[in-house]
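This report covers helix packing and ligand surroundings. The structure comes first.

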Amino acid sequence: MRLFQTVAGLRTYLATCRASKTIDCQIGLVPTMGALHSGHLSLVKRAREENTWVVVSIFVNPLQFGENEDLDNYPRSLERDLEECKAAEVDAIFLPSVGALYGTEDLSDKSRLFQVIPPPEMMARLCGAYRPGHFEGVATVVSKLFHIVQPDRAYFGQKDAQQLAILRQMAADLRFPVEVVGCPTVREADGLALSSRNRYLSLEERAIAPQLYRGLQAAKGLFEQGEMAREPLLEAVSLTLKKDARIEAQYIDLVHPATMEPLEVIETEGLLAIAAYLGKARLIDNLLLKTRRPIIAIDGPAGSGKTTVTPKVAEILGLLYLDTGAMYRAVTWLALDKKILINDEAAIAELVSQCTIRLEKPEILANNTPSLRVWINDQDVTTAIRSPNVTAYVSAIAAQKAVRATLVEQQRTYGRNGGVVMDGRDIGTYVFPDAELKIFLTASVQERARRRQIDLKEKGQGDFSLEQLEADIYERDKKDSSRAIAPLRQASDAIEINTDHLAIDTVIDQIVSLYREKIGISLTTDDVSPDHHETAD
Ligand SMILES: Nc1ncnc2c1ncn2[C@@H]1O[C@H](COP(=O)(O)OP(=O)(O)OP(=O)(O)O)[C@@H](O)[C@H]1O
Ligand SMILES: CC(C)(CO)[C@@H](O)C(=O)[O-]
Ligand code: BAL
């Protein structure tokens, strides 16, 4: 693990890293203010899993602290932080001075500083209403970090939901080529959100602090019974907090998680957010309340059966099968139709950035109708995408970064309303990390080789030895697991199903049963709840 205090040093290191690799490498950044706890380390762990290199910045940013706030008292534990990062296999720590980041040590006269100003509407409520200048400070320092590190992904906690929303919008509006990844809030066993500022709590206050989470839970209970209106939800929180006079609520609010606009009723999702003082400590917390149909993510190595299983699961449960392959085929078809060279990645990036793919499951599945209709830019390409020409080039298209980035965004748009099932290598870890049901299908190399041998024979594509096929599958697994883009990974909360000794129908039945157990869906697809209430914290 390397330590850098200067911009030049870190930039040179990262340039050397990038130059040292022939394959596409990715940098993950975890910005922090130090005093690391398990919440921070959950971000580092996620960054470690998803990137070639991980950079953690530790910088208590004066610009985001108000005059009467705790800049001088903010917890600092650098030696321990470095030990934690080393144990977490962080590649580089960025420890800049104020001067290294701002060009001056004196930030007292803000009129002489370049700053990044978030949309006032995003700062009008929640912490922005009580911490004037805070989010300008956050946005300014994070944009500097984005320019210096140039990460592919940057990781932030859901605990700081308004910060996450603002930085996500900043990356989009200022066209940073950085994916802002939101990570779940890590909590103590009693529900208190981990925070560096928890250290300000006395023993007595620490015992009271979980009341904040209990207040959110009271509203969650109402929500899960179908209450979607603002006032009853806020009242449930308020009544719980008022049970202890030592809790001084600063705000209790319900806003849209992306725009921070106040909500009178939850249509698809709402952010229930609170801030309260307990003695000197100002604590914040929130819950994401979602009313959407469930999502199923099915991952697994090539040959595990996921491509066969997934559309059938979708059909049985009345869910939309988000056929990734069909989406990549549609882009390939369009490129061929526009006579764009498949290896002209710039032209392909231009094309895919301006295309819209629509997938629809026919209302009535007659015998010879496809289980999914596919449009690209309103052209029905359901049949055309299965042509030998498209088949010949789809892999080359799917390997292009711009194509994947665009299609993942379109897949996630489908996911916002839920009711989808999707298969791939990283659906449960990357595309839909908040999927309600995650399945990881496995099968031994031997079994997958056996299946492949039968498949090739049936298609008249040759008679290969099992030894050869096993070697090919072993190599394919290694390649898929080490990809920089869309690596094969099993989500920690995925349910593994080994299909070695299972018929396809049995695998399908197991997944359908798991869905009904986990999501509580009755036996007929007509009864699928149109608005499953789900919370994330
Ligand atoms: N409990 C947590 N779960 C998940 N992420 C967290 C948690 N606490 C902090 N983070 C994230 O870690 C990153 C660094 O946060 P920061 O260094 O300010 O720590 P903090 O615990 O939020 O401190 P503070 O007391 O200032 O809130 C931010 O993206 C923040 O959202
Ligand atoms: C993102 C951040 C590191 C910027 O200083 C800070 O706001 C924090 O720790 O959440
Ligand atoms: N994560 C909180 C940053 C701040 O309060 O400044």
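## Helices 10 and 11

Helix 10 passes helix 11 in a right-handed crossing. A crossing is right-handed if the near helix is turned clockwise from the far one by less than a right angle, and left-handed if anticlockwise. Helices (H or I, at least four residues) are DSSP runs, as are strands (E, at least two), and both are numbered from the N terminus. This is a predicted model, in which local features need pLDDT of at least 70, side-chain atom pairs count only at pLDDT 80 or more, and totals for chains, interfaces and linings use all residues. Residues are numbered from 1 along each chain as its sequence is written, chains are lettered from A and ligands numbered from 1 in the order in which they are written, and side-chain values use heavy atoms, with hydrogens and water left out.

Helix 10 spans residues 211-224 and helix 11 spans residues 230-241. Their axes come within 8 Å and cross at roughly 150 degrees. Axes are lines fitted to C-alpha atoms, for helices over the stretch in contact, and angles run from 0 to 180 degrees between N-to-C directions. On the helix 10 side, the contact (heavy atoms within 4.5 Å) includes L212, L216, A219 and F223. Helix 11 contributes P232, L233, A236, V237, T240 and L241. By class, this contact has 11 nonpolar, three polar and one charged residues. Ala, Val, Leu, Ile, Met, Phe, Trp, Tyr, Cys and Pro count as nonpolar, Asp, Glu, Lys and Arg as charged, and the others, Gly among them, as polar.

## Helices 13 and 14

Helix 13 (residues 324-337) and helix 14 (residues 345-353) also cross right-handed. Their axes come within 11 Å, at roughly 115 degrees. V331, L334 and A335 of helix 13 meet I348, L351 and V352 of helix 14. By class, that is six nonpolar, no polar and no charged residues.

## Ligand 1

Ligand 1 is surrounded by 20 residues (a heavy atom within 4 Å). The closest are H37, H40, D160, S195 and R197.

Polar contacts are pairs of N or O atoms within 3.5 Å; within protein, one must be able to donate a hydrogen and the other to accept it, and residues adjacent in sequence count only if both atoms are side-chain atoms. Oxygen atoms of ligand 1 lie 2.6 Å from a polar side-chain atom of S195, 2.9 Å from one of K159 and 3.0 Å from one of Y74. Alone, ligand 1 exposes 580 Å², and the protein buries 95% of that. Accessible areas come from the Shrake-Rupley method with a 1.4 Å probe; for residues, only the protein chains shown count as cover.

Residues around ligand 2 include P31, T32, N61, V138 and F156. Q163 places a side-chain N or O atom 2.5 Å from a ligand 2 oxygen. For Q64 the distance to a ligand 2 oxygen is 2.7 Å. The protein buries 87% of the 280 Å² that ligand 2 exposes alone.

M33, Q64, R131, H134, D160 and R197 surround ligand 3. R197 has a polar side-chain atom 2.7 Å from a ligand 3 oxygen. R131 comes to 2.8 Å from an oxygen. D160 lies 3.0 Å from a nitrogen atom of ligand 3. The protein covers 86% of ligand 3's own 220 Å² of accessible area.
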